[in-house]
Amino acid sequence: MASTSAARTAAGAVKVVKPIFSRDLDEAKRRVRELYRAWYREVPNTVTMYQLDITTPQGRGKVREMFDQNKHVNDPRVIDMLVIKGKMELQETIHIWKQKTHIMRYFHETETPRPTDFMSKFYQGHDP
């Protein structure tokens, strides 16, 4: 009998998780905006330092696209983890710990995907 009452109280309890950095969603969003501004300011330097074959507006557009990929995330802990990863990428880029090919990989993701069905492959001339 005691085990069933303990099970009921355990099932009704909500687990409170410890925040990584942000206490709430507003603080997490503020951190995202700070990271976005840092990346936005760094794009001209990155284009110059790495001698990239892109323009500054193209680089800033890619930064916007990368941030828009995760705009649906609402959990502050997940947002904090994404911000941490973004800061690590920014630091690696600023200190030139990356090579040109590492940065140019981000720009190949916007290419059109290869066709998957037979007729599209046939029209495109790809092998099956």
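Student: Among contacts in the chain with a separation of 6 or more, what share comes from residues 24 or more positions apart?

Tutor: This is a predicted model. Take the contacts in the chain with a separation of 6 or more. Residues 24 or more positions apart account for a share of 68%.

Student: Which pattern does the chain follow along the sequence?

Tutor: The chain has zero strands. It has six helices. Read in order, the pattern is α-α-α-α-α-α.

Student: How much of the chain counts as buried?

Tutor: Buried means under 20% relative accessible area. The chain has 128 residues. The part of them that counts as buried is 21%.

Student: What percentage of the accessible surface belongs to carbon and sulfur atoms?

Tutor: The accessible surface of the chain is about 10000 Å². Carbon and sulfur atoms hold 56%.

Student: Is α2 roughly parallel or roughly antiparallel to α4?

Tutor: Helix α2 spans residues 25–49, and helix α4 spans residues 76–94. Their axes come within 10 Å and cross at roughly 20°. Angles under 35 degrees count as roughly parallel. Therefore α2 and α4 are roughly parallel.

Student: Is the crossing of α2 and α4 left-handed or right-handed?

Tutor: Two packed helices are described by the angle and the distance between their axes. Handedness is a further label for the crossing of α2 and α4. Here the crossing is left-handed.

Student: How many nonpolar residues does the contact of α2 with α4 have?

Tutor: From α2, the contact includes Leu 25, Val 32 and Trp 39. From α4, it includes Ile 79, Val 83 and Leu 90. By class, there are three polar and five charged residues, and the nonpolar ones number 11.

Technical notes: Residues are numbered from 1 along each chain as its sequence is written. This is a predicted model: local features need pLDDT of at least 70, side-chain atom pairs count only at pLDDT 80 or more; totals for chains, interfaces and linings use all residues. Side-chain values use heavy atoms; hydrogens and water are left out. Helices (H or I, at least four residues) and strands (E, at least two) are DSSP runs, numbered from the N terminus. Buried means under 20% relative accessible area, exposed over 50%, partly exposed in between (1.4 Å probe, protein chains only). Contact means heavy atoms within 4.5 Å. Accessible areas come from the Shrake-Rupley method with a 1.4 Å probe; for residues, only the protein chains shown count as cover. Axes are lines fitted to C-alpha atoms, for helices over the stretch in contact, and angles run from 0 to 180 degrees between N-to-C directions. Angles under 35 degrees count as roughly parallel, over 145 as roughly antiparallel, 65 to 115 as roughly perpendicular and the rest as oblique. A crossing is left-handed if the near helix is turned anticlockwise from the far one by less than a right angle, and right-handed if clockwise. Ala, Val, Leu, Ile, Met, Phe, Trp, Tyr, Cys and Pro count as nonpolar, Asp, Glu, Lys and Arg as charged, and the others, Gly among them, as polar.
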